[in-house]
Amino acid sequence: MGNVHVLDHPLIQHKLSFIRNKNTGTKEFRELVDEVAMLMAFEITRDLPLEETTIETPVTTAKTKVLAGKKIGLVPILRAGLGMVDGMLKLIPAAKVGHVGLYRDPETLKPVEYYIKLPSDIQERELIVIDPMLATGGSANDAIQSLKNRGAKHIRLMCLIAAPEGVEVIREAHPDVDIYLAALDEKLDEHAYIVPGLGDAGDRLFGTK
């Protein structure tokens, strides 16, 4: 089964409290999500492989470490996932960014891709699917499946907060995908909102209702 990692770094937890607060306005909310995404990127990349290289310092020649192997791809799920991309790019500026837009057909209840644009080499990349909320798990499940259908082999999922129900959906459907969260919340309510949650991440990021 894919592992669930709750990133309990004090700065992440501190900033998440303000993100949850209903009195936090759009500008501050956006900045906090950006900051938490950057801190989460620091944690999620902890196991990236390194290789040795030789450089010239102003003093002498030194053996040092640089990133080896897999390149990173960030794949936000539209639209709320966009709010976390810039923060991650501050730490991983060489990452390529793909986008996935999905909606569920109200008749068939099947996912419909209305937009997908990915780096051409996703098969070789370590992909991080990004969505602030993992509620029912429907969107993340569909996005991960879309990537796998196109040949992606290494996928992680990164969310600010999740409900246990959504986590179980992903673990059942995609046991190879590790999940990274800032918090695992209590449950979903009858309207499929995460409790205690933070409301609608897209609306709060973009000032819509």
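Is Asp 203 buried or exposed, and at what relative accessibility? In this predicted model, in which local features need pLDDT of at least 70, side-chain atom pairs count only at pLDDT 80 or more, and totals for chains, interfaces and linings use all residues, Asp 203 counts as buried at 16% relative accessibility, where buried means under 20% relative accessible area, exposed over 50% and partly exposed in between (1.4 Å probe, protein chains only). Residues are numbered from 1 along each chain as its sequence is written, and side-chain values use heavy atoms, with hydrogens and water left out.

The side chain of Asp 203 meets that of Arg 79 in a salt bridge (2.8 Å, N to O), defined as a side-chain nitrogen of Lys or Arg within 4 Å of a carboxyl oxygen of Asp or Glu. This pair links distant parts of the chain, with Asp 203 in helix α6 (residues 201-206) and Arg 79 in the loop between β4 (71-76) and α3, 124 residues apart; helices (H or I, at least four residues) and strands (E, at least two) are DSSP runs, numbered from the N terminus. Arg 79 is partly exposed, with a relative accessible area of 33%.

A search of the whole structure finds 13 salt bridges. Among them, Asp 185 pairs with Arg 20 at 2.7 Å, N to O; Asp 185 is buried at 8% relative accessibility, whereas Arg 20 is partly exposed at 24%. Asp 47, Glu 126 and Arg 156 are joined in a salt-bridge network.

Asp 131, in the loop between β8 (125-130) and β9 (133-134), is buried yet has no salt bridge, and Arg 79, the nearest side chain of opposite charge, is 9.3 Å away (Lys and Arg count as positive and Asp and Glu as negative; His and the chain ends are not counted).
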